[in-house]
Amino acid sequence: MTSINEQPIPAARPVIGEDEIEAAVRVLRSGRVVQGPEVAAFEEGFSRLVDDRHCVAVNSGTSALHLLLLALGIGPGDEVIVPSFSFAASANAVRLVGADVVFADIEPGSFGLDPAAVEAAITPRTAAIMPVHLYGHPAAMDKLMPIADKHKLAVVEDACQAHAAALNGTPVGAFGAGGTFSFYPTKNMHSLEGGMVTTADAELARTLRLLRNQGMEQRYANEIVGANMRMTDVSAAVGRVQLGKVEAWTEQRRANAAYLDAHITAPAVTTPPVAEGARHVYHQYTVRISGDRDAAMAKLTEAGIGNAVYYPTPIHRLKPYWEPDQKAGRTWDLPETERAAAEVVSLPVHPSLTEGDLERIAAAVNSLGENL
């Protein structure tokens, strides 16, 4: 039970400091508030996180995925291979362009797409593979990229939880045809709300810029059918401030995770493994609980330790996917996905944690004991 002098430790804590507030106010006072110089500067700054790729800022991570698929020409008749163990936006973006979602199972360690499962899921209609760098751990890009190259498939990286993560020195968002990032307030960095598409292809970047702005580069000179998915300069200004802090925050997250790795000893709890060559940035510190997960979470909550399950229901079991598959007689064999959804719990790892917070988290987890 939480002591009367102890405040609950939240699972996540958005950072909005005086620097962010001052940046937002500065833009509001300037009168240049949409798709102006702050957006361009944010795109230029973010490109340094992704091997100097072209960056196109949009209004959300979901919009980033949606527009990237559109720009690649993916649509009706195509299939995209997606993990079911992810936030629904990963699959929703595929449906929004009219393509079909094909679910493949995940690796138990990284929670990313299992390359063998991806290879088995490829059909003549497959147009793209969408690896999700879940919780901040890079997917197995060293194995997925050769599969994509072999079958001439586009790779669309969902890096919405993985700012500054890398595999063997290559940052996520710099492997495939394009990468996507989210700047939602609880992400490792944010812009209040927003997203970014990254690509090495200058022509694809131009198409993305057209798509986000009603299909026009010059006012009223519409070249293609587009949408309004622009980022505001207020968001970009906040994002620029956060971009200057994300590396220090990342190292703090990694240090917090290392502390928890070393101090969590409860037999019923498995701490998150890290693949060789991977730079895990710990958007979430996600453990596995063997036993009664609900009871474990209740005990942690009683001890004042924030905790959450991301994600309790795999996408293929959500109503918009489950019901059409049932009508079509289609089933998915995803044992690792089902096991992960039943076992995972995310604990606080954000950079606002103190040493005392970390001690409390480890002690509360260890108090769960062997038999849950």
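This is a predicted model: local features need pLDDT of at least 70, side-chain atom pairs count only at pLDDT 80 or more; totals for chains, interfaces and linings use all residues.

Reader: Is Thr250 buried or exposed?
Author: Thr250 counts as buried because its relative accessibility is 0%, and the cut-off for buried is under 20%.

Reader: Nice. Moving on to helix α8, how many of its residues are buried?
Author: In helix α8 (residues 233-243), 10 of the 11 residues are buried, so the helix is largely enclosed by the rest of the structure. Among them are Asp233, Val234, Gln242 and Leu243.

Reader: What covers the buried residues of α8?
Author: The cover includes α1 (18-30), α2 (37-46) and α9. That last one is the helix that holds Thr250.

Reader: What about α13, how many residues does it have?
Author: Helix α13 (residues 355-366) has 12 residues. From first C-alpha to last it reaches 17 Å, close to the 16 Å expected at 1.5 Å a residue.

Reader: Which residues of α13 are buried?
Author: They are Asp357, Leu358, Arg360, Ile361, Ala362, Ala364 and Val365.

Reader: And what do the buried residues of α13 pack against?
Author: Their partners are α9 (246-263), β10 (269-270), α10 (293-302) and β13 (344-347). So α9 turns up again: the cover over the buried residues of α8 includes α9.

Reader: Okay, pockets! How much space lies in the largest pocket?
Author: The largest pocket holds about 430 Å³ of space. Its lining is made of 26 residues, and Phe87, Gln161, Ser182, Lys187 and Tyr311 lie nearest the centre.

Reader: Which helix gives the largest share of that lining?
Author: That's α3, with three residues. Both α3 (61-71) and α4 (89-96) supply at least two residues each.

Reader: How do the lining residues divide into nonpolar, polar and charged?
Author: There are 12 nonpolar, 11 polar and three charged residues in the lining of the largest pocket.

Reader: Last one: what volume does the second largest pocket have?
Author: It has about 150 Å³. Of the 13 residues lining the second largest pocket, Glu107, Ala140, Asp142, Lys143 and Ala275 are the closest to its centre. By class, that lining has six nonpolar, three polar and four charged residues.

Note on methods:
Residues are numbered from 1 along each chain as its sequence is written. Side-chain values use heavy atoms; hydrogens and water are left out. Helices (H or I, at least four residues) and strands (E, at least two) are DSSP runs, numbered from the N terminus. The expected span of a helix is 1.5 Å times one less than its number of residues. Buried means under 20% relative accessible area, exposed over 50%, partly exposed in between (1.4 Å probe, protein chains only). Contact means heavy atoms within 4.5 Å. On a 1 Å grid over the protein atoms alone, a cavity is a set of points where a 1.4 Å probe fits but cannot get out, and a pocket is an open set with protein on both sides within 12 Å along at least five of seven lines; lining residues have an atom within 4 Å of a point. Grid points are joined across faces, edges and corners, and a volume is the space filled by probe spheres set on the points. Ala, Val, Leu, Ile, Met, Phe, Trp, Tyr, Cys and Pro count as nonpolar, Asp, Glu, Lys and Arg as charged, and the others, Gly among them, as polar.
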